[in-house]
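Hi everyone, thanks for coming. Please have the sequence and the model open while I talk, and stop me whenever you like.

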Amino acid sequence: MSLYESSVKRPIMTTLCFMAIVLFGVFSFSKLPIDLMPDIETNTIMVFTSYSGASASDIENNVTRPLENTLNSVEHLKHITSDSRENISVVTLEFEFGYDIDDLTNDVRDKLDMVSSALPEGVSTPIIFKFSADMIPILMLTVNAEESMPALYKILDDNVANPLARIDGVGTVSIAGAPQREINIYMDPVKMEAYNIPIETVSNIIASENRNIPGGNFDIGNNTYALRVEGEFESPLQIMDLVVGTHNGANVYLRDIARMVDSTQERAQEAYTNGKQGAMIIVQKQSGGNSVAISEAVKAELPKLQKRLPSDIEINVLVDTSENIILTVNTLTETILYALLFVLLVVFLFLGRWRATVIIGITIPFSLIASFIYLFASGGSINIISLSCLSIAIGNVVDDAIVVLENVTTHIERGSSPKDAAVHGTNEVAVSVIASTLTMLAVFFPLTMVTGMAGVLFKQLGWMMCIIMIVSTVAALSLTPMMCAKMLKLQKKQSRFFKVFYTPIGRALDRLDVWYEKRINWAVRHRWTVLSVCGLLFVGSMALAPGLKSEFFPSNDNGRVSATIEMPLGTRLERSKEVASKLTSMWMERYGKNLEACNYRVGQADEDNAFASMSDNGAHLINFNISFVPASEREIGLEQICDEMRADVKQFPEIARSNIQLGGGGGGMGGQSMATFEIYGYDFETTDRLAKTLADSLRAWNKVTQVNISRSDYQPEYQVEFDREKLAMHGLNLATAATYVRNRYNGALATYYREDGDEYDVKVRYEPESRTSIEDIENILVYTNSGKAVRIKELGKVVQREMPPTIERKDRERIVTVDAVLAAGTVLSEGVEYGNRIIDKMEIPTGIAIQVAGSYEDQQDSNRDLGTLGIIIILLVFIVMASQFESLTYPFIIILSVPFAFCGVILALLLTNTTLSVMSMLGGIMLIGIVVKNGIVLIDYTMLLRERGLGIIQASIRAGRSRLRPVLMTTLTTILGMVPMAVSQGDGAEMWRPLGVSVIGGLTISTIMTLIYVPTMYCVFGGNGVKRRRKLLKKQRALSEYWKENKKEEMLISAKK
Amino acid sequence: MKSIFITFDQSNKDAVLALLDRYNCRGYTFFEQVQGRGSKTGDPHHGSHAWPSMNSAIITIVSDDKVSVLLEKLKELDEEFELLGLRAFVWNIEQCY
């Protein structure tokens, strides 16, 4: 018993089977995390190796190079880049997408074991660090405080950060901009010298006084007691009463030579929100956590925490990545619902019966819900890609059901009982339904095999589409006939409403049939005219193709901008703050309502701040985090805002560099297009010069808003140059002498002061007034082993130097990168082309190479991948069709209609001024399946009519007329399913709009072309086939006549032989 | 005793069998799928790409008095759904055991 027969006979079983799928699907759906993009696996491993005391070039030669040479042989490596800085080498390994990062980490570790013996002595063991998207903060909170400001860190740490960190899924919670308490002991150098007490002694004494020491146990009578010495300070004031030495027989107390300031760290990062100082709390999630759920949990917790805080502290959300995700997903869900509505409307208009519409409509949720099971099982999430996939699928899943329903209806109208009609009607079309599903699988299955960045995006889509297609076919062959048997019946009398409502539609459709028949009639009789017009159209639109602008991925307006403003090195904090506050007030005034919050951090961050240490920081660096209201609530686009901001920054001559990033710099996707040029070469001077020339010419172009050179400025700094001979004469070595300098300026960490379970640093150093000039450095006293004091200026000299920059390398060569951020509306290909023109004009010395990289490289990679994919898909589709038709000619005709789809895509993109991106190309690839389906429907019916004995031309015309409605129906369901996508204006719409536009454009043109071109082409090939067969017959006849006449002769010859 | 050979579109199976039951024709031989086409009208039933529908056939041996009423009813059935097609042919039975 076949599938459809048993399902018609056992409706309860069929219904319940599908209900089970729905049940599973809904369960999976409830468990699915929501995210913006599919989980992009980490593909980067960093190796940190420190070698203290080595300069950048030492590091490069002794550490980075050997590491690179060995690590280069790790499998699946795409690029190896490195930064060699003073004391540290960072090698970054970028792998191809799609490999297990844990395996790769093990490989890297093995290689490191091999190389570590070859590294110089004193090099620390290399540390492996996996970078992942999880490190991007999911939530940033701003804290405003007034009276509580000095104690803000402790208040926040105890009452906010710790409770938040306990929430499930929250990784680290860091506090920035609230300085931590520190007990500073400021020494007076003059008094120190007078009493002959160096900082080291003070620091050692403080450390040894602040101790609790257990003294063991002892017994008294029957009891055992513990013996302890408790010496830890109970109050910081006790420190000042320590005796740090004697002078002329009298005790010298610490308070005699120093003062204590119990306050905050000297150098700390400050944070400002909307111009007011406060702090920031940064929440990062644990790897694999659900951003939306976590940030919701955190936000739910905030009001409770707020109650426990002093009344002047106010916590606000600055950046909430989940907000954008939720808005985007909501917009997309809305478009899906519209798509569903449109599709049902089309079905209703064409079939004119509500029962039929219900039968068709019900297959949609069943098939779509099934894909959630896959997502759940494969650990996927609800994201732009999976939702776009649903939107695409809605128009396609109904096709099979429509074919089945149509044929069943025909049977019923012929007089079969609905039950028999359902079984036999389905039986007749089952093969072609399966074949058309196979063509769709031939399109979508290869998507699951794409590698690279595009692969990450398409794998999920490919699998989802395959599963949806298979489930929809199964539903069309079981559920649909079952429902047809139950719900359809011969309409012996139409209702009044139906007559009033549907008669005009029916008439219009009939007129359309007649009109189309006439056109076809003309076309098949003017084949060559039609074909040349088609050819011209194709060539014409292909000629327009170069005008198409391309980019990798459409940028996403998530309402966030991050900016790094760099003042010249060595700029004081006060100066940086001034610039920052000017910029803030400027932006707050201009964007007014649109601006939600403008936050910036400035200054040197604490070493143990996990978030801040990931990014550069310093007194000259200002980090802005600006959030705007969602895209749907403001008229001005984010790209434009960024461009305006860049113009503002240019007005400040004191700003050395700036980097304004759209989207808050959250990973490689969705940012503004940036053309990246890499200059490879060993010589610093030459490469610097080339980079500068390139950057200057790019800056001069009005379509570039910002150019960054990766090589940092040569840093001015003071160095103490010790004379080793003099050091030796005093019995000193360099390290000892250098420590003396460090302890006086940076401070010696004497001990920790403990209070209420928290530890605070106690630092001993020169008082700030004595740390302001070069003389102060020169006058530092260094004590020799014999206790003699020597001044620094006697041991060496203090000189001003420029530190060599960080040495960057890529693929084992020195490199400088020049990034050009393009203005809104300018696309990547344009920028790259312009850059290449500049490069062509430049004189490039031998040994130096300039090449384009970055997102353009990614784009090229994925274009190539998608191109190969397109060819594989076309071949697979051809194979499926050729097997179905058992012919090579007809599939060829159909495949030739695919280029028209691409014409349509190009025209639609050009007309709507949309760029060619991964999303629009995805649309193009999907088109192959749909266009081919239309062709199959036409050719299949034409062949059927010819088998029934019609002539070629008659068969083509009749088939065209009778298949017009099914073709229009499948096309319209798909097009209207995509319309909401193409016109949606909500948050995140710019990401999927290209997809909608390209499918609509491609499908419209290709359907019109298919309807005219396929019958014409069929006549050409069919005519040729008939002529060929006639010729063959004629030949055979001539041959047999000849044989009849010359039988004897021919037989003789063969006998002779 | 006469034999009636009835060929009809698959979908008519239930109706034909019900008819036989109603007139107490217990014995019959049923051919689930047979191909064929009418001499004058009707679509061929070939189970092919061009003519996908199929026929079934029944041979039933009935007493002479049932023949006319059966034929009449079958004709009614055929006329109700002309597009499906149904034909009946009657033979004499020479011998049986």
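Let me start with pLDDT, which is the predictor's confidence in each residue, from 0 to 100. This is a predicted model, so local features are described only at pLDDT of at least 70 and side-chain atom pairs only at 80 or more, while totals for chains, interfaces and linings use all residues. Residues are numbered from 1 along each chain as its sequence is written, and chains are lettered from A, ligands numbered from 1, in the order in which they are written.

One more term: helices (H or I, at least four residues) and strands (E, at least two) are DSSP runs, numbered from the N terminus. Among the elements of chain A, helix H2 (residues 11-31) has the highest mean pLDDT, 92, and helix H19 (residues 610-614) has the lowest, 47. The average for chain A is 83, and 93% of the residues score at least 70. Residues 607-614 of chain A fall below 50, with 15 contacts beyond near neighbours in sequence. By contact I mean two residues whose C-beta atoms, placed from the backbone, lie within 7 Å. Residues 665-670 of chain A also stay under 50. Where pLDDT is low, the predicted coordinates should not be read in detail.

Now the overall picture. Chain A has 33 helices and 30 strands, and its C-alpha atoms fill a box of roughly 145 × 75 × 65 Å along the principal axes. Of its 1057 residues, 44% count as buried. Buried means 20 or more other C-beta atoms within 10 Å of the residue's own, exposed means 12 or fewer, and partly exposed is in between, again with C-beta atoms placed from the backbone.

Which residues touch the most other members of the largest nonpolar core? They are A:Ile468 and A:Ile928, in a core of 150 residues. Such a core is a set of buried Ala, Val, Leu, Ile, Met, Phe, Trp, Tyr and Cys residues joined through C-beta atoms within 7 Å. Helix H15 (residues 452-487) of chain A gives the largest share of this core, 21 residues. Leaving aside neighbours within four places in sequence, A:Ile928 contacts several residues, among them A:Val443, A:Ile873 and A:Val898. A second, separate core of 52 residues includes A:Ala161 and A:Ile313.

Next, where does chain A meet chain B? Twelve residues of chain A are in contact with eleven of chain B. Helices H13 (384-414), H14 (418-444) and H30 (918-947) of chain A each supply at least two residues of that side of chain A, and H14(A) gives the largest share, four residues.

Last, a loop. Between strands S28 (807-810) and S29 (813-822) of chain A sits A:Asp811, with a positive phi near 45°. A:Arg812 lies in the loop between S28 and S29 of chain A, and has a positive phi of about 65°. Most residues other than glycine have a negative phi. A:Asp811 counts as partly exposed because it has 15 C-beta neighbours inside 10 Å.
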